[in-house]
Structure formats: structure tokens, C-alpha cells
Amino acid sequence: MTRTSARALAVARPVIQFLTVLNACYAVVIAGLLVFSYFIEGWPQRPLGVDMVNAHPMVGQGLRAIVVVGLAGAAIVHTVLRRLLAIVDTVRAGDPFILENADRLNAIAWSVLALEVLRLVVAAIAAAVWEPGRIDAFSFAPWLAVLLFFVLAGVFAHGARMRADLEGTV
Amino acid sequence: MPILVRLDEKLHERRMTLTELATRVDITVANLSILKTGKAKAIRFSTLEAICVALDCQPGDLLEYRREQDTP
């Protein structure tokens with residue numbers, strides 16, 4: 001293990017734990033705002049200063065839908081962080097090439113893909129009710145990351161099978 | 001498993017202990033013990049060769065195939 005990866009591993013656990021707490025706080029805050037929006041009179045024009053004359057008639061529902069998508073995203077991020085923490089723990093324990101990690105990476109790949117789809121859904125809702133015709137949320141990097149995670153999951157599965165083959169070899 | 005390891009008999013024949021063989025073939029006693037008790041899943045050609053050199057025998061002297069129904 002290189003010095004850089006050893007340092008990254010040492011930092012990874014507290015960073016992931018911090019991000020898990022941060023993500024939970026984010027979910028609680030936006031869930032609170034969603035509930036709160038039903039009790040505020042004149043929402044969204046009064047608290048957000050939306051000009052309802054020029055705004056889309058569905059802007060209120062659109063913003064609430066974005067928050068619901070955000071909550072779904074937070075739930076997915078939580079599962080990603082839990083799985084990432086489990087992978088980091090196996091690396092720290094010196095036994096990362098196990099089939100469970102391959103399954104975790106595969107699940108992370110699907111989660112990142114779902115997050116990217118949610119991001120496009122948010123962009124589509126925003127384009128429909130906030131800034132008509134403007135969708136600029138597409139980026140190649142997350143899709144490349146999804147591909148990378150699937151490849152890594154395959155590498156781990158292959159490595160785990162090879163290790164299982166070697167176990168018991170004298 | 002229908003492959004029987006006859007290491008114990010060969011060691012007895014050569015008046016050699018497992019520890020002595022382990023030193024000669026440069027394999028841990030624990031691994032040789034796994035092989036001796038038939039718990040090993042596979043054996044490397046290099047290990048087989050080293051044991052054959054140390055015990056002056058052929059691979060066939062160490063391994064025996066026995067059909068499942070023949071085993072007691």
C-alpha cells in the first residue's frame with residue numbers, strides 16, 4: 001500500500017461518518033421544509049418571493065416534488081455511505097477481496113446511477129416549472145463513475161473467486 | 001475427497017518427522033499438516049516436487065485416487 005492510499009484509508013472512516021451525519025441532517029432539514037411548506041400561508045410566493053403572475057402555475061408543486069426527490073436521493077446516499085464504510089472496514093481489517101465487497105460495489109454502482117437519474121428528474125422538473133426549456137444538468141463524469149464502479153465490482157468478484165480458489169492450496 | 005494423501009506413511013517409512021520435512025521443503029508445519037490430514041483443496045506442483053525430492057519418492061507414492069464407494 002502506498003503512503004498516499006494509507007493516509008486516504010486513515011482519513012476515509014471519519015470522513016464517511018461525518019458525511020453520513022451531514023446527509024441525515026440534510027434529509028431532516030428538507031423534510032422539515034417540505035412539511036412546513038403546507039402550513040405557510042401564501043407559499044411559495046411570500047417566503048420565496050416568487051412572482052406568481054409570471055411564474056408557472058405548478059411552481060409550488062414542482063418545488064415540493066424536487067424536495068421529495070431530494071429526500072429519495074438522501075436515502076440512496078445513506079446506503080452508499082454505509083456500504084462504503086463497510087468496504088473501508090474490510091480494507092482496514094486486511095481482507096477486502098471478498099464477494100460481499102463485490103456485491104457492495106455493484107449496489108453502489110446502481111445507487112450512483114439512480115442518483116444521476118434523480119438529478120435529471122430534478123433538472124426536468126426545474127426546467128418545466130422554474131426556468132422553462134433550460135436543461136443543463138447532464139454531465140459525463142457521473143456516468144463514467146457508474147461504469148467504473150461496475151468494472152470495480154467485477155474486479156472484486158474475480159479477485160474474491162481467485163482467492164477462494166487459492167484457499168486450502170498447499 | 002477421493003484423493004488420499006499418503007504423506008504420513010511415507011514419513012514413517014523414511015523415519016522423518018513433519019517438522020523435519022517442513023524445514024527441508026520450506027513449508028510451514030501448519031500447511032504440511034493440512035496436506036497430511038487431507039484437508040488441503042489443492043497442491044502446487046512446486047510443493048509436490050519439493051516433497052518428492054525430500055522423501056525421494058514419486059507423486060504417485062504420495063497421492064492415491066480411491067472411488068467414493070470404496071472409502072470406508
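Author: Of the 170 residues of chain A, 31% count as buried, where buried means under 20% relative accessible area, exposed over 50% and partly exposed in between (1.4 Å probe, protein chains only). This is a predicted model, in which local features need pLDDT of at least 70 and side-chain atom pairs count only at pLDDT 80 or more, while totals for chains, interfaces and linings use all residues. Residues are numbered from 1 along each chain as its sequence is written, chains are lettered from A and ligands numbered from 1 in the order in which they are written, and side-chain values use heavy atoms, with hydrogens and water left out.

Reader: How many helices and strands are there in chain A?

Author: Chain A has five helices and zero strands, and its pattern along the sequence reads α-α-α-α-α. Helices (H or I, at least four residues) and strands (E, at least two) are DSSP runs, numbered from the N terminus.

Reader: Is chain A a compact globule or more spread out?

Author: Chain A is more spread out than a compact globule, because its radius of gyration is 21 Å, well over the 15 Å that the globule rule gives for 170 residues. The radius is taken over C-alpha atoms, and the rule is 2.2 Å times the number of residues to the power 0.38. The C-alpha trace of chain A spans about 80 × 30 × 25 Å along its principal axes.

Reader: And which residues does A:S111 contact, beyond its sequence neighbours?

Author: Leaving aside neighbours within four places in sequence, A:S111 is in contact with A:I76, A:T79, A:V80 and A:R83; contact means heavy atoms within 4.5 Å. A:S111 belongs to helix 4 (residues 99–129) of chain A and counts as buried, at 9% relative accessibility.

Reader: Turning to the interface, how much area do chain B and chain A bury between them?

Author: They bury about 600 Å², 55% of it on carbon and sulfur atoms. Buried area is the accessible area (1.4 Å probe) that two parts lose on being put together, summed over both. B:K41, B:A42 and B:R44 supply 66% of the area that chain B buries against chain A, more than any other three residues.

Reader: How many residues of each chain are in contact there?

Author: 10 residues of chain B are in contact with six residues of chain A.

Reader: What about salt bridges and polar contacts?

Author: Between chain B and chain A there are zero salt bridges, a salt bridge being a side-chain nitrogen of Lys or Arg within 4 Å of a carboxyl oxygen of Asp or Glu. Five residue pairs are in polar contact (both at pLDDT 80 or more). A polar contact is a pair of N or O atoms within 3.5 Å; within protein, one must be able to donate a hydrogen and the other to accept it, and residues adjacent in sequence count only if both atoms are side-chain atoms.

Reader: Which helix of chain B gives the most to the side that touches chain A?

Author: Helix 3 (residues 29–36) of chain B does, with three residues.

Reader: One last topic: which phi values stand out in chain B?

Author: Most residues other than glycine have a negative phi. B:R15, which is not a glycine, has a positive phi of about 55°. B:R15 is in the loop between helix 1 (7–13) and helix 2 (18–25) of chain B and counts as exposed, at 68% relative accessibility. B:D26 has a positive phi near 60° and lies in the loop between helix 2 and helix 3 of chain B.
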